[in-house]
Amino acid sequence: MKTIGVVGCGLMGSGIAQVCAQSGYKTMIVEVSDELLKKGIDGIHRGVQKGIDKGKLTADQAKQIAANLQGTTKLEDVDECDLVVEAVIENVDEKKRIFTELDRITRPEALLATNTSSVCVIELAAVTERPDRVLGLHFFNPVPVMKLVEVVRTIATSDETIAQGREFVASLGKQPITCPDTTAFVVNKLLVPYLLDAVRMLEQGQVTREDIDKSMQLGCGYPMGPLTLLDFVGIDTTYYIANIMFDEFKNPRYAAPPLMKRMVLAGHLGKKVGRGFYDYSK
Ligand SMILES: NC(=O)c1ccc[n+]([C@@H]2O[C@H](COP(=O)([O-])OP(=O)(O)OC[C@H]3O[C@@H](n4cnc5c(N)ncnc54)[C@H](O)[C@@H]3O)[C@@H](O)[C@H]2O)c1
């Protein structure tokens, strides 16, 4: 593989594009407008500059990233790509529309991947003529830092596609694990019930939020406690994922606690809005 397309340059797409460009791939980023494209690419350059300031990236690497990145607002411009990673909003209809288009635009041998957290990958593969070459590549936030990528195999993905996906992930300096195409894959299937249990414990009112967080930090060595982590991820995002998991498995472990629903309704969505389990307004 030499050229990679990344559709969507938000939180995840910008990180995925950065690590691709940094690893020597010609990388074509697609966004919906010039304004959002500029915002996404500026964000990448700011992140790279931070990396230089912290001594994690060199000026030469920054030059390589800039030279390898290209942006466009036309999906047709990914026609030469060997792999396209879709990282647009978590909306199944929008993703299906993009996969239909990508199937038409790209060469038949190109691989098509989605970074979805909760959509069934086979639902996207099914709108293409190449379901054997469609896979999930589930990166973690922040992409330049987090080492894991879940390589998702649907019931139609070929062995060769999985091997190529894993090889690509390794070439980015990351570690692949292969997962089945079941809702939430591996990490979220373990992480989400843990986060929901922390909210249930808070709801019972016998332990303070600070003590819940301190327990997991000091008792288990986690870098942050579950309620702080929820504030970082977004209460709405986790609520949305939990609902999808509950719909799929009907397992009470995945049922969102009532407090989460009320926080979402109140707009207490976490750090991004200045208020979640903690106050970030200052
Ligand atoms: N946020 C996370 O922590 C996280 C982690 C793993 C996976 N994901 C998944 O990654 C995907 C993207 O999430 P995000 O957090 O980066 O969202 P985001 O809202 O930050 O970015 C999505 C971007 O896609 C763009 N977009 C929408 N439609 C488009 C189109 N037709 N063509 C090109 N660009 C388009 C939007 O303009 C936006 O900039 C979702 O599927 C999400 O489930 C998110």
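Which strands and helices cover the buried residues of α1? In this predicted model, the cover includes the strands β1 (3-7), β2 (26-30), β3 (69-72) and β4 (83-86), together with the helices α2 (34-53) and α3 (59-68). Eleven of the twelve residues of α1 are buried, so this helix is largely enclosed by the rest of the structure. The buried residues are M12, G13, S14, G15, I16, A17, Q18, V19, C20, A21 and Q22. From its first C-alpha to its last, α1 reaches 17 Å, which is close to the 16 Å expected at 1.5 Å a residue. After the helix comes G24, whose phi is positive, near 95 degrees.

In soluble globular proteins, nonpolar side chains tend to be buried together. The largest nonpolar core here has 72 residues, and the members that touch the most others are V6, I16, A17, C20, L83, V84 and V85. This core draws at least three residues from each of domain 1 (3-180) and domain 2 (188-273). Leaving aside residues up to four places away in sequence, V6 touches G13, I16, A17, C20, T27, I29, V85 and A87.

Of the 23 residues around the ligand, G8, G10, M12, S117 and N141 come nearest. The elements that give two or more residues to this shell are α1 (11-22) and α4 (92-105), and α1 gives the most, with three residues. By type, the residues of the shell divide into twelve nonpolar, eight polar and three charged.

A last topic is the backbone. Most residues other than glycine have a negative phi, and most peptide bonds are trans. In this model, a cis peptide bond joins N141 and P142, with omega about 0 degrees, and P142 lies in the loop between β6 (134-138) and β7 (148-153). Positive phi values in residues other than glycine are given in the table for A184 and F185.

| Residue | Phi |
|---|---|
| A184 | about 80 degrees |
| F185 | near 50 degrees |

A184 lies in the loop between β8 (175-180) and α7 (187-204), and F185 lies in the loop between β8 and α7 as well. Because a residue with 20 or more C-beta neighbours within 10 Å is called buried, A184 counts as buried with its 23 neighbours, and F185 counts as buried with its 21.

Technical notes:
Residues numbered from 1 in each chain as written. Predicted model: local features only at pLDDT ≥ 70, side-chain atom pairs only at ≥ 80, totals over all residues. Core = buried A, V, L, I, M, F, W, Y, C linked by C-beta atoms within 7 Å. Domains from an automatic or database assignment. Contact = placed C-beta atoms within 7 Å. Near = placed C-beta within 6 Å. Helix = DSSP H or I, 4+ residues; strand = E, 2+ residues; numbered from the N terminus. Nonpolar A, V, L, I, M, F, W, Y, C, P; charged D, E, K, R; others polar. Expected span 1.5 Å × (residues − 1).
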